[in-house]
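Please look over the sequence and the model below before reading on.

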Amino acid sequence: MKLNYFNILIESSFPILMSLIFVSFFFSFLLFLKMNIVFFFFITLFFLFLCLVVWVKNVFVEGLIGNHSYYMQDGFKICFYYFLFSEIMFFFSLFWFYFDTSLVPVEELGIYWKPLGLEMVNPFSLPFLNSLILLSSAITLTRVHYKFLVLYKDLFFFCLTLFLGLMFLVFQMYEYNMMTFSFSDGIFGSLFYFMTGFHGLHVFFGLLFLLMNYFLVLKNNLLLNHHLSFEFSIIYWHFVDVIWLYLFIFLYWWSF
């Protein structure tokens, strides 16, 4: 590490580029919802992933050559926690809307919640299995982190964590195929697919984040006193675990 507190880094176009891609992503998502056009959605999702990977790689290279002092690492932590807070508020707004709609259902819904005629999947079948899978991945990831702190690379449990996360997404897609209602079946259908879909998207990006750190651990590119990306990926993964618990309790169990 360099002794100076801060370093003037090379100017980057990634912040403005990521902003433009995010705007395009949400517009393509609206096209997908309104007109069922999936092409632009997957194209923007691909460029979002590509830009994110290259940007993270550049930031990591800056750290390897010693441009990230401890003060700059504190800055990264603050930025990450701001980002995590924005994610919490995003899901908080969704749950707020969900409770506002379910606790005081309007006359158009027949004053019943969930709306009559909609059949939910049994929460103690596939959703419960998915809950066990995601919580198990949190346990295995905690073991990986603990072993890393004692200078041991537990690659088997790291791979197991990635496998469990992937299985969660596979079972989630299978569950969607089992559903007897769609996104357009009233406000409950819209909320159900929107909330679980965005959670699944967060799980997907969390898996990519963990996969990147898997290769960093594999190649011994993370130091005991400088492994912020690994810590951030662990915190983010536990975040999606907690969000899923709330989804399971209120969206699956309570609405069954």
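**Domains, chain and selected residues**

The centres of domain 1 and domain 2, taken over C-alpha atoms, are separated by 20 Å. Where the two domains meet, domain 1 contributes twelve residues to the contact and domain 2 contributes eleven residues. The domain assignment places domain 1 at residues 13-67 and domain 2 at residues 77-253. The model is a predicted one, and the values given here are computed from it.

The secondary structure consists of seven helices and zero strands. Along the principal axes, the C-alpha atoms of the chain fill a box of roughly 65 × 40 × 30 Å.

How much of the chain is buried? Of its 256 residues, 41% are buried. The accessible surface of the chain is about 14900 Å², and carbon and sulfur atoms account for 74% of this surface. Among the contacts in the chain with a separation of 6 or more, 78% are between residues 24 or more positions apart.

The chain carries 9 positive and 13 negative side chains. The centres of these two sets lie 17 Å apart.

The cysteines come next. How many disulfides does the chain have? The count is zero, with a disulfide taken as a pair of cysteine sulfur atoms within 2.5 Å. Cysteine 79 is in no disulfide, and the nearest cysteine sulfur, that of cysteine 51, lies 17 Å away. Is cysteine 79 buried or exposed? Cysteine 79 has a relative accessible area of 52%, and because the cut-off for exposed is over 50%, this residue counts as exposed. Cysteine 159, at 35% relative accessibility, is partly exposed, because this value falls between the cut-offs of 20% and 50%.

Where in the chain is leucine 223? Leucine 223 sits in the loop between helix 6 (186-218) and helix 7 (228-253). With a relative accessible area of 47%, leucine 223 is partly exposed. Leucine 223 and leucine 64 are 159 residues apart along the chain, while their C-alpha atoms are separated by 9.9 Å.

Methods
Residues numbered from 1 in each chain as written. Predicted model: local features only at pLDDT ≥ 70, side-chain atom pairs only at ≥ 80, totals over all residues. Heavy atoms only, no water. Helix = DSSP H or I, 4+ residues; strand = E, 2+ residues; numbered from the N terminus. Buried < 20%, exposed > 50% of the residue type's maximum accessible area, 1.4 Å probe, protein only. Contact = heavy atoms within 4.5 Å. Areas by Shrake-Rupley, 256 points an atom, 1.4 Å probe, with all protein chains shown as cover. Lys, Arg positive; Asp, Glu negative; His and termini not counted. Charge placed at Lys NZ, Arg CZ, Asp CG, Glu CD. Domains from an automatic or database assignment.
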